[in-house]
Amino acid sequence: MRQPASIFNDVIGPVMVGPSSSHTAASARIGYLLRCMCQNAPERVICEFSRSGSLAFCHEGQGTDMGLAGGLLGLAPEDERMREAVVLARQAGIELEFAITEEAFPHPNTYKVRAWGGGRQFAALFASLGGGMIELRELNGIPLSIDGGYHEALFLLGSCGTQAAQQVLQELNAGLGDCEDIVLCGNEAVGFIINVKSARPINIEAPTKNRVARDFLLLPPIMPVQSHKHYVGLFHTATEIEALAQAENLSLAQLAIIYEARRGHITEAEVFERMRRLLRIMRQAIQRAESRPQYADRILPPQAHLLRAAPQLPNPALNAVIRNITLLMEAKSALLPIVAAPTAGSCGALPGTIIGAAHSLGKGEDDMAKALLAAALVGVLIAEHATFAAEVGGCQAECGAASGMAAAGLVQLMGGSVPTALNAASLALQNVFGLVCDPVAARVEAPCLGRNIMAGANALAMAQAALAGFEPVIPLDETIAAMREVGEKIDRSLRCTCQGGLSLTPAARKIAEQLVSKNISKTKHNI
Ligand code: SF4
């Protein structure tokens, strides 16, 4: 039932407050689902993170506590109250605790959760998959898969036995005929849950006549674009995109609009309008960062203003790109709403490059939105065939991916062809292989700002090379496959665990100590 990547779910978005999409926005979504499971009255949540994963070392510096608290309070990831969420949750009487476990999980960003509230108690495993995407993978020891794309009903059958579970399944199939899927999860050893997935709110009245099915949970969809089982994919690879573009004489932006309209069962006009709305949020973030907003828990001071008085190298487009990227990263660090594109850590590179280049070229809002759509389609390929999670693929999965996407977007902005845009993406991605994730003091600031700027500069250079007809040699599909393989080979210590590279330098350790001595611990930790 997993659906292909959606532009607005997986690639451009979420709109969010906080340093990291896979830590802050994803945890806000997890917190919100926990709130729903607790009948909107969460009382206590204990979250355990594996010592072998990323969250053990980054959960506070990258805003996991803030996001989880916000979600438990019912705040959306973009709500500006998120910055006080830990305190607000405490005031609301919600106990939030973190602990480290020696247990290892298949995904490096796994949340092992116990939650109490609304007269219920749950044990759950969630994974944060990158770019704010999440999955509920286990509930009360029973494997299942909930990614926030559907209305979900979970009938908690417990240890009723296989025969009784099958009986309820039959009744639900008869009573809920227009659902997308009805799955029996579990076995005699761990118990049973029946998971109903639907594109519409689920009417639970009829099927609960069976005594065994009286205990159930309802979870709403939490993604911007909902899932539908009748989606038929237009293409799965860059080669297929190129063939369709040639056959139908379509631009990359047009193909992106058609793709997302089909994927989300929305109109093509709605797709374009949504991207324009996201572009406006990006531009607002740039504007708001001009006033040099502050936030205590950060490493870098506002620096974008320094560029105005600095000696200018003779490249106005690049200078505009550097400035926009810096302002976007400063907006993120000041906890203003930004658009994760594809992630919060890389929120500067793609929008900053497209907006900066568009201004230099005298292009307007519609051109920028089309460039972002073209970039997003390359992002769909990366989401499908590689990853945006630095915990899985290092910084090449974040800033690297953003660079490849931006290169394709720039070619669209320049009126280049689909093959040229795909070549630009391949060229740009080839240059970022092996880029590690080693943030200083677990904050998403250094070396993150520089890597975003590098991603923008690389995109400009490779878009220019592709427009001149340079050969990428390796086609985009093969580049993305190789990128995935390289990411998986990056040592765990260099995949957002703060256990290697710049994270362990004496200067970084000193900064981390200074931040700890400045901070009042926001949540209870049993580390
Ligand atoms: S180094 Fe790259 S991947 Fe790691 S936190 Fe910074 S921006 Fe994200």
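Two strands count as paired if DSSP finds at least two bridges between them, and strands, like helices, are DSSP runs numbered from the N terminus (E, at least two residues, for a strand; H or I, at least four, for a helix). What follows comes from a predicted model, in which local features need pLDDT of at least 70 and side-chain atom pairs count only at pLDDT 80 or more, while totals for chains, interfaces and linings use all residues. Residues are numbered from 1 along each chain as its sequence is written, and side-chain values use heavy atoms, with hydrogens and water left out.

On that basis, an open sheet turns up that is built from four strands, running β9-β10-β8-β11 with antiparallel pairing.

Next come the empty spaces. Rolling a probe the size of a water molecule over the atoms shows where empty space is left. Here a cavity is a set of points, on a 1 Å grid over the protein atoms alone, where a 1.4 Å probe fits but cannot get out, and its lining residues have an atom within 4 Å of a point. Grid points are joined across faces, edges and corners, and a volume is the space filled by probe spheres set on the points. Searching the whole structure gives six cavities of 30 Å³ or more.

The largest cavity comes to about 180 Å³. Its lining has 24 residues, with G345, E398, C437, V444 and C448 nearest the centre. Helices α2 (21–37), α14 (390–393) and α17 (448–467) each put at least two residues into that lining, and α2 gives the most, three. Sorted by class, the lining holds 11 nonpolar, eight polar and five charged residues; Ala, Val, Leu, Ile, Met, Phe, Trp, Tyr, Cys and Pro count as nonpolar, Asp, Glu, Lys and Arg as charged, and the others, Gly among them, as polar.

The ligand takes up the space of the largest cavity, where sitting in a cavity requires more than half of a molecule's atoms to lie within 2 Å of its grid points. Around the ligand are G345, A390, C395, E398, C399, C437, V444, C448 and R451, a residue being near if one of its heavy atoms lies within 4 Å. This shell divides into six nonpolar, one polar and two charged residues.

The second largest cavity has a volume of about 130 Å³. Lining it are 15 residues, and P19, G61, Y295, D297 and L335 are the closest to its centre. By class, that lining has five nonpolar, three polar and seven charged residues.

The bond joining G13 and P14 is a cis peptide, with omega about 10°, and P14 is placed in the loop between α1 (7–11) and β1 (15–16). Another cis peptide bond runs from A446 to P447, with omega near 5°; P447 lies in the loop between α16 (418–430) and α17. H265, a residue other than glycine, has a positive phi near 50° and belongs to the loop between α8 (252–264) and α9 (268–289).

Notes: 1 Å grid on protein atoms, 1.4 Å probe; cavity = no way out; pocket = protein on both sides within 12 Å on 5 of 7 lines; lining within 4 Å.
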